[in-house]
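Have a look at the structure first, then we'll go through it.

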Amino acid sequence: MSQFLRAGIRPDRWFAYPEIEWLDPGEIQADALIDLRTQGNTLSVFEFDGTVNAERISIAVAAGKQKPDDTGYAIFNRAAVEALGIEVKKDPGATADATVNGLHCNLNVKTATRLVALAQVVAQGTTALILRKRVEELVRTGIESGQLESSKVNRDLRKEL
Amino acid sequence: MSFSASTAPPEPVRVVSELIGFGGTDRATIDALLGPRQRTAPISSGTTQMSFATLHPGTPLDFPTEGALENFPSLEADVGALHWDEPRGLLTLDSPTLILTAVAPRPMPLLHSTQHFFDRALSLPVRWSLTPVLDATTAEQRIQDSSDVFSSTDPLSRPSNFLVREVSVAFTAAAGEVFEEGVESQFSQALESLLKTHGTAAVAALEALVFPSTANPEVAVESLKWLGTADHGDSRQHRRRLLERLLYSANARIRYAAVLGIAAMDDATSLPAVRSALKREPHRRLRQYFQLVVDQLEAVQ
C-alpha cells in the first residue's frame with residue numbers, strides 16, 4: 001500500500017482518546033495542526049513504500065535542524081489523501097540525503113478545511129518516535145558513511161555532534 | 001536541631017517526598033479503587049495528613065513526629081496520584097510536594113477531594129510512612145530561609161513568589177510560540193537564563209507551574225524536554241527526580257515529555273523509575289515510548 005511520511009512531528013500532539021481523556025473518539029487535538037504547517041498552502045511529505053526506511057527519511061530531515069532533538073514521524077495512507085482531492089506533486093527535496101530527496105512530494109492542500117481533513121487521515125495512520133540520542137548516532141554515522149552529504153547537514157548541528 | 005514558630009506565618013517550603021503504604025492491600029481492592037482503565041488515579045489537589053496508625057476515613061491524622069521530621073510541627077502534602085506497584089506489593093501515594101508550614105500542630109480535616117478518596121479506600125488497612133528526600137538539616141535550612149533572594153550556588157533554594165512569577169511570565173509568553181523539533185525555542189532560552197541565575201529554585205518554580213492540570217500542554221512539554229537537556233550540574237538531581245515523578249502525571253503528554261527529558265539526561269539511575277512507570281502505563285503508545293527509553297538506559301548501564 002502506497003503511503004506518505006511526514007517527518008519532524010511531535011507524537012504527543014497526535015495522542016487521541018483514550019490517551020487524552022477529554023477528546024471524543026475520532027477527534028484529534030488542535031495542537032496536531034502545528035505538525036502540519038503549510039507553506040504556500042502545500043505540505044512537505046515523503047513517499048513511503050518501504051524501499052527507504054522511515055528512520056532514514058526522518059534522519060535526513062533532522063539533519064537540517066539546528067540541534068539534535070527527539071523527532072517523530074507519521075505514516076499515513078496515500079489513497080486517503082488523494083480521496084480528499086489533494087494534489088500530489090513530486091518535488092526534489094532539499095535534505096542532506098539524496099536518496100530521500102527523490103521521495104519528496106508536496107501536497108497541495110490549498111484550504112484549511114482540507115488541512116483538517118488531512119489531519120484526520122494522518123491521525124488514522126501510525127506515529128513513531130526516534131530519541132535524541134539515536135538521532136545523534138544516525139546523523140553521525142550518516143555523515144561518516146556518506147549517506148548524508150556533510151555540507152548539507154546544518155552547521156550548528158555538525159558542531160554539536 | 002530546633003525549630004520555633006514565629007508570629008508572622010513564613011512561606012511554605014517545598015520538600016520533595018514520597019509516601020509509601022505497606023501491607024494489607026489486595027489487587028481487587030486496588031483495581032476497584034483505581035478504576036478499570038488505569039492504575040494511576042489522579043486525585044485533584046488536596047491536602048492530607050499521614051499517620052503510622054491505620055487509616056480510617058474521616059479520622060484526623062497526624063504526621064509522624066519522629067525521625068528526621070520530629071521538629072516540624074505540621075506537615076501538609078499535596079496529593080498527586082495513587083499507584084499500585086504490583087510486583088513489590090506497595091501502594092504508593094505520590095506527593096509531588098510536601099509543604100512544611102511553621103504553624104502550631106493542629107488536627108486538619110481532610111479536604112473534600114481527599115476525603116472522597118479515603119471513603120473509597122475504606123477497606124484498605126494501610127500503614128503509611130513518610131520518606132523525605134531531604135534530610136532534617138536540609139529541611140531546617142530551607143524553612144529558615146525567608147528571603148526572596150536566591151543564589152544559583154545554593155541547591156536548596158526554594159522558589160520565591162518572585163521567581164514563580166518570573167517562570168510564569170515565561171510560560172505565558174511561550175503560549176504564543178511555535179515549538180519545533182531541533183530548533184531552540186525562546187522559551188527554553190528564557191528557562192536556561194532563569195536556571196543559571198536562580199539555580200535549583202528555578203526548577204522548583206517550574207515544578208509549581210507544570211504540575212497543575214491546567215498547564216498549557218505545549219509549553220509544559222517543551223519545559224520538560226528542556227529540563228532533560230539543561231546544562232546545569234547543580235540542579236541535575238533535582239531535575240531528574242522531578243522528571244521521574246512526572247512519569248505518573250495524570251496528563252499523558254506530560255508523561256511523554258517527562259520520559260523524553262529522562263532520555264535526554266541519559267542517566268541509568270532513572271532506569272528503575274522508567275521501568276516501574278512502564279509497568280503502570282495504561283496506554284500502548286506511551287508504553288512503546290517508555291520502552292525505547294528503557295532500552296537506551298539499559299545500554300548506558
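How are H5(B) and H7(B) oriented to each other? They're oblique to each other, since angles under 35 degrees count as roughly parallel, over 145 as roughly antiparallel, 65 to 115 as roughly perpendicular and the rest as oblique. Bear in mind that this is a predicted model, where local features need pLDDT of at least 70, side-chain atom pairs count only at pLDDT 80 or more, and totals for chains, interfaces and linings use all residues. Residues are numbered from 1 along each chain as its sequence is written, while chains are lettered from A and ligands numbered from 1 in the order in which they are written.

**H5 and H7 of chain B**
- Helix H5 (residues 186–198) and helix H7 (residues 217–229) of chain B pack at about 50°, with axes 10 Å apart; axes are lines fitted to C-alpha atoms, for helices over the stretch in contact, and angles run from 0 to 180 degrees between N-to-C directions.
- The crossing of H5(B) and H7(B) is right-handed, meaning the near helix is turned clockwise from the far one by less than a right angle, with anticlockwise being left-handed.
- Phe187(B), Ser188(B) and Leu191(B) of H5(B) meet Val219(B), Glu222(B), Ser223(B) and Trp226(B) of H7(B).
- That contact has four nonpolar, two polar and one charged residues (Ala, Val, Leu, Ile, Met, Phe, Trp, Tyr, Cys and Pro count as nonpolar, Asp, Glu, Lys and Arg as charged, the others, Gly among them, as polar).

**H8 and H9 of chain B**
- Helix H8 (residues 236–246) and helix H9 (residues 252–265) of chain B pack at about 145°, their axes 8 Å apart.
- H8(B) and H9(B) have a left-handed crossing.
- Among the residues making the contact are Leu243(B) of H8(B) and Ala258(B) of H9(B).

**Chain B overall**
- Chain B has eleven helices and seven strands, taken as DSSP runs numbered from the N terminus (helices H or I, at least four residues; strands E, at least two).
- Of its 301 residues, 40% count as buried, i.e. 20 or more other C-beta atoms lie within 10 Å of the residue's own, with C-beta atoms placed from the backbone (12 or fewer is exposed, in between partly exposed).

**Chain A and the interface**
- In helix H1 (residues 54–62) of chain A, the buried residues include Ile57(A), Ile59(A) and Val61(A).
- Their cover includes strand E1 (3–9) and helix H5 (132–145) of chain A.
- Across the interface, 20 residues of chain A are in contact with 23 of chain B, contact being C-beta atoms, placed from the backbone, within 7 Å.
- Chain A's side has seven nonpolar, three polar and ten charged residues.

Methods. Two residues are in contact if their C-beta atoms, placed from the backbone, lie within 7 Å.
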